[in-house]
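Visitor: I'd like to learn how to read a protein model by its features. Could you walk me through one?

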Amino acid sequence: SSAASDVYKRQYQEFIQDVLDLIEFANGASDSGWGRIRAQMGHPEPFGLEYIWIGNEQWQTARVDFFERYDDFEKAIHAKYPEIKLISSAGPTVHTPTYEAAWENYHAKAKNNSNYTYAVDEHYYVSPQWMYDHVDHYDDYPRDIAVFAGEYAAHTEKKENSMESALAEAALLTGIEKNADVVKLASYAPLFNRIGHSQWKPDMIWFDDEKVYLTPNYFVQQLFANHVGDETIPMDGQEKELRKDGIYVSLSRTNNGETILKAVNVNDSEYTLPLTDYEDVPVEAIGHAWVLEGTGEIPDGMPEITDVRQTNLQIIGDVTIPAQSFMVIRF
């Protein structure tokens, strides 16, 4: 009926207005309507909100017009706040019809509106082998729209937080780091698991009433986050050849000239990795290394016990990557 339609439109507009109010609360001046409330709550300075995420695993269907609703939010937000970067959804999977349809829609709309979406959120909970097979997942992505790898994790058969899953995630992240020009954001999921009240495993951080338990997957995230270069170093296909030997690597450089090498060795034996410069001269340098290794000890229902070992390193033409390990080297 017309009355029911009017109610729906009014309720729908309330959601759009909620987003506009949220942005004003976060970024508005302290004398604005919602900015004043923020100031009264003890935070007079704006928070500097940059991103708004519209949808979470939503997709277009014959009965759900997600694309049109995204358009409504985008127009309203950017009419008032053109600086806000919008994150859009590709659905709950990759390489599916819904995923393909989402990307087709975003690419088409972005041709006429470069501000249409900043990044598309992709989710994948997959086997470790999938991650090894898709390290080059983003190599051939178009560069007109960025990617947010918003939820990902390697799921072993037992859904354990183990070195098996952590090494696969580290391998995938070498490919993501290589493609940092298109993958602007990435986050492991889920984050927390309260022991005894699990709804989903694996998770990055486990806890109970007394302790916090850091998983091998956590240490992978920590090492990548703590050792970020300012630009990637092209490897001219060498990384693809190394994958054939079960070695997954990425290279980056900081603005002060320091090189950061990340290397995953999935083999049961150590691997000697040659290091040469652009002129194929063996590298000689003093460096530092952080090595993540497992103990193989997985207490019943708990994450595998792991830790990161930090060492000084003398590099003379090569480095040794321990078996079944993830290693970060700075030199």
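Guide: Let's start with exposure: a residue is buried under 20% relative accessible area, exposed over 50%, and partly exposed in between. Tryptophan 34 has a relative accessible area of 35%, so it counts as partly exposed. Keep in mind that this is a predicted model.

Visitor: Where does tryptophan 34 sit, and which nonpolar patch is Trp34 part of?

Guide: Tryptophan 34 belongs to helix α2. Together with Ile37 and Met41, Trp34 makes a nonpolar patch on the surface, with about 310 Å² of accessible area in total.

Visitor: And the whole protein, what are its overall numbers?

Guide: There are eight helices and 16 strands in the protein. The C-alpha trace spans about 75 × 50 × 45 Å along its principal axes. Of the 331 residues, 45% are buried. The accessible surface is about 17300 Å², and carbon and sulfur atoms account for 51% of that.

Visitor: How do I read a salt bridge?

Guide: The general idea is that side chains of opposite charge can pair when their charged atoms come close. Here the cut-off is a side-chain nitrogen of Lys or Arg within 4 Å of a carboxyl oxygen of Asp or Glu. By that rule, the count is 13 salt bridges. One of them pairs glutamate 50 with lysine 85, with 3.9 Å between the closest N and O atoms. Glutamate 50 is in the loop between α2 and β1 and lysine 85 is in strand β2, so this pair ties together parts 35 residues apart in sequence.

Visitor: Are glutamate 50 and lysine 85 buried or partly exposed?

Guide: Glutamate 50 is partly exposed, given its 41% relative accessibility. Lysine 85, at 27%, is partly exposed too.

Visitor: What about the salt bridge of glutamate 239 with lysine 178?

Guide: That one has an N to O distance of 2.8 Å. It links distant parts of the chain, with glutamate 239 in helix α8 and lysine 178 in helix α6, 61 residues apart. Glutamate 239 is buried at 5% relative accessibility, whereas lysine 178 is partly exposed at 31%.

Visitor: Which residues does a network of salt bridges join?

Guide: Through shared partners, Asp139, Lys178, Glu239 and Lys240 are joined into one network.

Visitor: Now a helix. Which way do its side chains point?

Guide: An α-helix has 3.6 residues a turn, so residues three or four places apart point the same way. Take α4, whose buried residues are Tyr99, Ala102, Trp103, Asn105, Tyr106, His107 and Ala110. These buried residues pack against α3, β2, β3 and β4. You can check the length as well: at 1.5 Å a residue, the 14 residues of helix α4 should span 20 Å, and the end C-alpha atoms are 20 Å apart, so the two agree.

Visitor: Which residues touch the most other members of the largest nonpolar core?

Guide: For a core, think of buried nonpolar residues joined through side-chain atoms within 4.5 Å. The largest one has 63 residues, and Ile77, Tyr124, Tyr138 and Phe326 touch the most other members. Helix α6 gives this core its largest share, nine residues. Another core, of 21 residues, lies apart from it and includes Leu261, Ala263, Val283 and Val319.

Visitor: What does isoleucine 77 touch?

Guide: Leaving out residues up to four places away in sequence, isoleucine 77 touches Val19, Leu20, Ile23, Ile52, Ile54, Pro82, Ile84 and Leu86.

How values were computed
Residues are numbered from 1 along each chain as its sequence is written. This is a predicted model: local features need pLDDT of at least 70, side-chain atom pairs count only at pLDDT 80 or more; totals for chains, interfaces and linings use all residues. Side-chain values use heavy atoms; hydrogens and water are left out. Helices (H or I, at least four residues) and strands (E, at least two) are DSSP runs, numbered from the N terminus. Buried means under 20% relative accessible area, exposed over 50%, partly exposed in between (1.4 Å probe, protein chains only). The expected span of a helix is 1.5 Å times one less than its number of residues. Contact means heavy atoms within 4.5 Å. Patches are made of residues with over 30% relative accessible area and no salt bridge: like charges are joined within 9 Å, nonpolar side chains (Val, Leu, Ile, Met, Phe, Trp, Tyr) within 5 Å. Accessible areas come from the Shrake-Rupley method with a 1.4 Å probe; for residues, only the protein chains shown count as cover.
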